[in-house]
Amino acid sequence: MNITLRQLRVFESVAQNLSYTKASQELHLSQPAVSMQVRQLEDVVGLPLFEKLGKQISLTEAGR
């Protein structure tokens, strides 16, 4: 599987907002669609890009 421009746009929005919900609102997508795009990107990269700490998310080293 290849990395898509859509996955990169979703990743950028989540990384800037540090929120799947805010990214979904910004991109006019559902929150599950944003989560799925990030999950697919992580599968292609082979590393987690975000880590969840309670309700907060942050970028992992790979995500930075």
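Mentor: Start with a term: helices are DSSP runs of H or I with at least four residues, numbered from the N terminus. Ile3 sits in the segment before α1. Keep in mind that this is a predicted model.

Trainee: Is Ile3 buried or partly exposed?

Mentor: Ile3 is partly exposed, because its relative accessible area is 42%, and buried would mean under 20%.

Trainee: Which residues make the nonpolar surface patch?

Mentor: Ile3, Leu5, Leu8, Val45 and Leu47 make that patch, which covers about 430 Å².

Trainee: Now α1. How many residues does it have?

Mentor: Helix α1 has 13 residues, 5-17. From first C-alpha to last it reaches 18 Å, close to the 18 Å expected at 1.5 Å a residue. After α1 comes Leu18, with a positive phi near 50°.

Trainee: Which residues of α1 are buried?

Mentor: Gln7, Val10, Phe11, Ser13, Val14 and Ala15.

Trainee: Different topic. How many aromatic pairs are there?

Mentor: The structure holds two. One of them is Phe11 with Phe50, a tilted pair at 5.4 Å centre to centre, with 45° between the planes. Phe11 lies in helix α1 and Phe50 in strand β1, so the pair ties together parts that are 39 residues apart in sequence.

Trainee: Are those two buried or exposed?

Mentor: Phe11 and Phe50 are both buried. Together with Tyr20 they form one aromatic cluster.

Note on methods:
Residues are numbered from 1 along each chain as its sequence is written. This is a predicted model: local features need pLDDT of at least 70, side-chain atom pairs count only at pLDDT 80 or more; totals for chains, interfaces and linings use all residues. Side-chain values use heavy atoms; hydrogens and water are left out. Helices (H or I, at least four residues) and strands (E, at least two) are DSSP runs, numbered from the N terminus. The expected span of a helix is 1.5 Å times one less than its number of residues. Buried means under 20% relative accessible area, exposed over 50%, partly exposed in between (1.4 Å probe, protein chains only). Rings of Phe, Tyr and Trp (its six-membered ring) pair if their centres lie within 6.5 Å; planes under 30 degrees apart count as stacked, over 60 as edge-to-face and the rest as tilted. Patches are made of residues with over 30% relative accessible area and no salt bridge: like charges are joined within 9 Å, nonpolar side chains (Val, Leu, Ile, Met, Phe, Trp, Tyr) within 5 Å. Accessible areas come from the Shrake-Rupley method with a 1.4 Å probe; for residues, only the protein chains shown count as cover. A salt bridge is a side-chain nitrogen of Lys or Arg within 4 Å of a carboxyl oxygen of Asp or Glu.
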